[in-house]
Amino acid sequence: MKVAVLPGDGIGQEIVAQAVKVLQRLALPLELEEAPVGGAGYEAAGDPLPEATLALARAADAILFGAIGGPQFDTLPRDKRPERGLLRLRKELGLFANLRPAQVFAELAQASSLKPELVAGLDVLIVRELTGDIYFGEPRGISTLASGEREGVNTMRYRESEIRRIARVAFEAARKRDKRLCSVDKANVLETTELWKQVVTELGKDYPDVELTHMYVDNCAMQLVRAPKQFDVIVTGNMFGDILSDEASMLTGSIGMLPSASLDERSKGLYEPIHGSAPDIAGKGLANPLATILSSAMMLRYSLARPAEAERIEKAVRKVLGQGLRTADIYTEGCRKVGTQEMGDAVVAAL
Ligand code: IPM
Ligand code: MG
């Protein structure tokens with residue numbers, strides 16, 4: 001099993017190193033090969049997605065990804081910026097299905113910004129479409145009008161087939177869980193999402209065992225902080241999913257806990273923590289590696305068909321939390337504050 005390891009920028013190196021340590025401890029026939037991406041790609045090869053990195057990612061069975069971006073890259077031309085590297089990688093590999101689970105570990109209910117009783121036992125799965133929508137729609141750009149005024153344009157666009165394939169992933173996921181799917185749109189204003197709602201409803205006929213509901217995105221943003229446990233699976237477009245998944249992450253206590261999978265039609269996937277590169281704490285050994293470690297568990301489950309090992313990793317993470325170990329982002333009184341490496345070592349020891 002070949003895994004492309006793309007640490008990226010900022011805290012990417014530190015957190016991915018911990019996940020690699022954990023994977024190596026499992027003694028599976030894994031071939032891990034590292035390559036630069038994002039700002040690191042730009043620095044190494046003048047491109048946030050160097051040719052060789054893309055080739056490695058294509059040839060691999062799965063990709064373990066850290067994080068990209070940093071203030072030093074924000075003034076580069078848009079196509080050289082780190083974010084473009086990640087977006088191109090998603091598009092080139094057809095990684096249209098982004099699974100972002102938000103689960104509250106019992107030990108961390110206190111660390112949530114919501115009252116513990118609102119989040120205890122929370123288990124929501126956000127299924128975000130990842131290769132369409134306003135992220136990729138054409139036309140796009142900034143131009144100067146005849147009057148001399150500048151105008152920015154992006155295009156929100158979805159084809160029926162794109163909606164159907166992500167909805168299918170979501171219905172299938174719901175089927176394996178609590179069999180409730182909430183499709184999130186803004187159909188009262190945006191035609192694109194009116195079509196979204198129609199197509200999801202049509203597909204729902206194939207899944208009579210799954211209870212389908214619809215919600216406007218603004219209401220969903222509110223419901224997620226009012227009563228998040230009402231949700232089982234949420235399916236939505238690229239833009240809404242980006243925003244709602246950051247919001248959902250905070251319910252769990254820390255964005256540093258949330259893994260994600262981005263899958264193609266054949267379950268080849270890219271696995272990354274949902275947080276960013278956190279340049280403010282990069283290189284200080286403070287970052288929480290658990291989201292990346294949990295991402296490697298998702299990789300074993302979804303792309304490498306090793307569910308038992310995935311579970312072992314998840315159990316090990318629960319164990320170290322149970323032991324009271326906390327990185328700064330999830331620290332509460334009475335726990336033991338540890339750094340990135342110590343947390344990684346503890347998970348390895350628990351394995
Ligand atoms: C995410 C990130 C990315 C996105 C950025 C870094 C391009 O926010 O994975 O949620 O917007 O998709
Ligand atoms: Mg995001």
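Predicted model: local features only at pLDDT ≥ 70, side-chain atom pairs only at ≥ 80, totals over all residues.

**Exercise 1.** Describe how helix H6 and helix H7 pack.

*Solution.* Start with the geometry: H6 (residues 160-175) and H7 (residues 191-204) pack at an angle of about 50°, and their axes are 9 Å apart. That angle makes H6 oblique to H7. Next comes the handedness: H6 passes H7 in a right-handed crossing. Now find the residues that touch: H6 contributes residues including Ile-163, Ala-167 and Phe-171, while H7 contributes residues including Leu-195, Trp-196 and Val-199. Finally, sort the contact by class: nine residues are nonpolar, one is polar and four are charged.

**Exercise 2.** Work out how H10 and H11 run relative to each other.

*Solution.* First, look at the axes of H10 (residues 290-302) and H11 (residues 307-322): they come within 7 Å and cross at roughly 160°. Angles over 145 degrees count as roughly antiparallel, and therefore H10 and H11 are roughly antiparallel to each other. Their crossing is left-handed. Among the residues making the contact are Ile-293, Leu-294 and Ala-297 of H10, together with Ala-310, Ile-313 and Val-317 of H11. By class, this contact has ten nonpolar, one polar and four charged residues.

**Exercise 3.** Find which residues are around ligand 1, then look at its oxygen atoms.

*Solution.* Then check distances from an oxygen atom of the ligand to a side-chain N or O atom: 2.7 Å for Arg-90, 2.8 Å for Arg-128 and 2.5 Å for Tyr-135.

Conventions: Residues numbered from 1 in each chain as written. Chains lettered and ligands numbered in written order. Heavy atoms only, no water. Axes fitted to C-alpha atoms, helices over the stretch in contact; angles between N-to-C directions. Helix = DSSP H or I, 4+ residues; strand = E, 2+ residues; numbered from the N terminus. Parallel < 35°, antiparallel > 145°, perpendicular 65-115°, else oblique. Left-handed = near helix turned anticlockwise from the far one by under 90°. Contact = heavy atoms within 4.5 Å. Nonpolar A, V, L, I, M, F, W, Y, C, P; charged D, E, K, R; others polar. Near = heavy atom within 4 Å. Polar contact = N/O pair within 3.5 Å; in protein donor to acceptor, adjacent residues only side chain to side chain.
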